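Dear colleague,

Please find below the structure for your review.

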Amino acid sequence: MSILIENIKELVQIEDEPKRLVKGAEMSKLRTLKNAFLLIEDGIISGFGSMDDLNKLELQNSIENLTTIDSTGKMVFPSFVDSHTHLVYPASREIEYIDKIKGLSYEEIAKRGGGILNSAKLMQESTEDELVESSLARLNEIIKYGTGAVEIKSGYGLTVESELKMLRVIKRLKELSPLTIKSTFLGAHSIPLEYRSDQTKYVDVVINEMLPLVADENLADYIDVFCDTGFFTVEDTERILEAGMKYNIRGKIHANELDYSGGIQAGIKYNALSVDHLEFTGEKEIEALLNSETMPTVLPGAAFFLGMKYTPVREMMDAGLPVALASDFNPGSSPSGNMQLIISMACILYKMLPEEAINATTINTAYAMGISDKLGSIAIGKKANVFITSEIPTYEYMPYYYGTNKVETVILNGEIID
Ligand code: NIG
Ligand code: FE
């Protein structure tokens with residue numbers, strides 16, 4: 001199928017020479033083209049430009065079955081890339097949400113065996129088919145909000161069998177969904193109760209029992225550890241990242257959400273693709289990130305939902321760092337995968353400019369998923385995952401007019417999604 005989108009009010013996030021990521025002062029720059037067209041052939045962006053330069057007749061003669069979409073008054077964006085989610089989960093956890101409203105902290109809930117362990121218990125009772133069905137519904141929901149690529153973690157399994165089950169579900173989702181999906185093995189998400197007196201033993205299980213099977217079935221693109229106070233230590237994290245490297249599986253880790261845990265530095269030491277959360281980021285952490293290939297990724301949904309302090313993104317960008325923003329979609333700390341809401345939170349709570357928030361949810365999250373050569377911007381040769389907005393006055397309106405869906409038409413792999 002070939003598609004010509006014409007009369008685009010503004011084509012957002014265009015690139016002539018695609019970059020892997022944007023950082024520092026560049027983050028406030030967003031290239032756009034007004035009164036534009038976009039051409040898609042065989043699932044790939046094959047051209048774009050000003051309507052003044054469009055020779056429609058020539059295109060209609062040279063391209064068979066060209067579908068034309070008139071986008072008068074509407075904008076076209078590259079699809080959002082959501083580089084951090086836990087969207088395969090067995091059930092919602094609104095009871096803990098009430099506990100939180102009444103004053104219990106995330107750590108207190110976890111200590112009582114709630115939180116992640118609560119999901120792990122239900123996960124063990126769920127079938128692969130049930131999980132595929134409920135996760136597909138969530139994927140279809142985020143597609144409607146403009147997401148075109150998503151990373152999904154395991155980590156509600158916490159036993160060999162159950163972790164493999166989750167990863168097999170993600171593998172099936174890759175086959176069933178039009179979204180671009182990457183999977184991450186997060187065996188070290190929480191310490192099961194039976195290992196609480198000797199957590200090293202559980203790390204041994206992750207490394208010696210789970211990981212070889214995960215690698216053998218080719219179930220994970222990345223490996224993750226929740227490196228934080230009350231969860232896994234720097235030593236645990238380094239052991240797991242090192243084990244991952246033996247299988248050529250790079251890290252993408254949960255770090256510095258609850259404390260200056262050393263997680264950021266541990267991730268960088270093992271060349272993690274990203275370190276995520278980062279509420280506790282100071283000068284030392286910024287310095288370490290500056291000398292790395294690791295994408296600092298902020299999860300506004302979790303900070304908002306748990307009432308945590310906000311990652312110092314302005315200081316990070318002023319120091320020259322890139323910043324990525326993902327949803328962290330999960331039942332315990334961020335029950336939404338709506339990336340439009342994430343850019344609104346970024347602007348309102350983190351005082352990011354709309355341009356910075358858009359860069360952080362497209363090209364930089366694409367980097368954090370290892371796919372910025374294929375997605376994250378409008379560039380010739382990239383995969384045609386884009387969305388057409390409803391009629392909106394400016395691109396700044398996207399974060400400003402929060403709470404409603406401004407995505408009207410979704411195109412994934414060059415196909416219009418109903
Ligand atoms: O990224 N911080 C660790 N893990 C998840 C929460 C998972 C849960 O509570 O179910 C997060 O916020
Ligand atoms: Fe997470």
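The notes that follow cover the ligand site and then the domains.

Please bear in mind that this is a predicted model.

Where does ligand 1 sit? Ligand 1 is located in the largest cavity. Around ligand 1 there are 15 residues, and the closest are Tyr-106, Tyr-156, His-189, Asp-328 and Ser-333. By class, the shell around ligand 1 comprises 4 nonpolar, 8 polar and 3 charged residues.

- Ser-333 places a polar side-chain atom 2.5 Å from an oxygen atom of ligand 1.
- His-189, through a polar side-chain atom, lies 2.8 Å from a nitrogen atom of ligand 1.
- His-254 has a side-chain N or O atom 2.9 Å from an oxygen atom of ligand 1.

How much of the accessible area of ligand 1 does the protein cover? On its own, ligand 1 has 330 Å² of accessible area, and the protein covers 100% of this.

Turning to the overall arrangement, the protein is divided into two domains. Domain 1 is made up of residues 2-78 together with 377-417, whereas domain 2 spans residues 80-367. The centres of domain 1 and domain 2, taken over C-alpha atoms, are 30 Å apart. In the contact between these domains, 33 residues come from domain 1 and 34 residues from domain 2.

With kind regards

Note on methods:
Residues numbered from 1 in each chain as written. Chains lettered and ligands numbered in written order. Predicted model: local features only at pLDDT ≥ 70, side-chain atom pairs only at ≥ 80, totals over all residues. Heavy atoms only, no water. Near = heavy atom within 4 Å. Polar contact = N/O pair within 3.5 Å; in protein donor to acceptor, adjacent residues only side chain to side chain. Areas by Shrake-Rupley, 256 points an atom, 1.4 Å probe, with all protein chains shown as cover. 1 Å grid on protein atoms, 1.4 Å probe; cavity = no way out; pocket = protein on both sides within 12 Å on 5 of 7 lines; lining within 4 Å. Sits in = over half its atoms within 2 Å of the grid points. Nonpolar A, V, L, I, M, F, W, Y, C, P; charged D, E, K, R; others polar. Domains from an automatic or database assignment. Contact = heavy atoms within 4.5 Å.
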